[in-house]
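Hi everyone, thanks for making time.

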Amino acid sequence: MSNADFDVLKNRFREYAVSFADSPDKVPQAMQLKIGHTFDVCSIADYITERECSVFDARGRHLARLAALFHDVSRFKQYREFQTFRDADSFDHGEMSAEIFLRDFSAKNLARHEIVLIAAAVRFHNKRLLPQNLPPEILPFAKLVRDADKLSIIKIINNYLATPAEYQEAAVRIGMEETPGFTEELARAAIAGEQIAHSDMRNLNDFKISIFAWAQDINFSAAAEYVLEKRLYETLRTFLPDGSLTDELLAVSLARLNQKAQRKD
């Protein structure tokens, strides 16, 4: 698949997304955010696959980019129908995105096994854990989309937190309120390398802490390097209360990323 072919699908994706707005000139900020997020995930996927050339050949890089393009394609239907990006209040957006990809976007120049691969990577990108029985030919792509999605979300959260309140898009908070403090047990769980369930979070600070827990779940060294280069966790730390526990959370998370990036410092 050439860049031109990808651009055609990218334009089809944009048209599909905008079709859920009242008009092309009145696309809600939340939908605009998801369009931008999707293209950012594609860019991050390129960053990772270009540096993980032992895993992704030229064809693999194209397939990874397609999985990135369609990983959130159901978000526009979700927001239109439920005014939220919170799956618990609507539907599993990974499952729905895979369904929409298979129905509306599976390109004619893709082999059947490639369509299955992309759909699986889309379907499982938002799950807390990947199924243990994923076929080995699918596993790298599922891991890749999970990594690229997480990295882009950290950037979105950092941008949201740095934006004056009157310009913030509330959908970014996925239902979390901005109340003081955080749940110390969740911070200790993240330090221990445990993933945090959305149902255990009580406010936006807990959501931020859950993002630090993602350091344990990063799959590719290039993804870890991306986070470190852009100092995404250092920035996120500035939006949490001061204290030894949050300092430790940052230090442990950076150590994990350095290890995954195979750095010595």
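**The core and the pockets**

Let's begin inside: the largest nonpolar core has 97 residues, and Phe70, Ile118, Ile209 and Tyr233 touch the most other members. Helix α7 (residues 139–162) supplies the largest share of this core, 11 residues. By nonpolar core I mean a set of buried Ala, Val, Leu, Ile, Met, Phe, Trp, Tyr and Cys residues joined through side-chain atoms within 4.5 Å. Buried is under 20% relative accessible area, exposed is over 50%, and partly exposed is in between, with a 1.4 Å probe and protein chains only.

Before I go on, this is a predicted model: local features need pLDDT of at least 70, side-chain atom pairs count only at pLDDT 80 or more, and totals for chains, interfaces and linings use all residues. Residues are numbered from 1 along each chain as its sequence is written, and side-chain values use heavy atoms, with hydrogens and water left out.

Which residues does Ile118 touch, not counting those up to four places away in sequence? They are Leu63, Leu66, Ala67, Phe101 and Leu110, where contact means heavy atoms within 4.5 Å.

The largest pocket holds about 880 Å³ of space, and of its 32 lining residues, Asn126, Ile174, His198, Phe207 and Trp214 lie nearest the centre. Two or more lining residues come from each of α2 (29–51), α7 and α9 (204–213), and α7 gives the most, with 6. Points are joined across faces, edges and corners, and a volume is the space filled by probe spheres set on them.

The second largest pocket has about 210 Å³. Its lining has 15 residues, with Leu33, Ile156, Asn159, Tyr160 and Val172 nearest its centre, and α2 and α7 are the elements giving two or more.

Finally, the whole chain: 12 helices and 0 strands, taken as DSSP runs (H or I, at least four residues, for helices; E, at least two, for strands) numbered from the N terminus. Of its 265 residues, 54% count as buried.

How values were computed. 1 Å grid on protein atoms, 1.4 Å probe; cavity = no way out; pocket = protein on both sides within 12 Å on 5 of 7 lines; lining within 4 Å.
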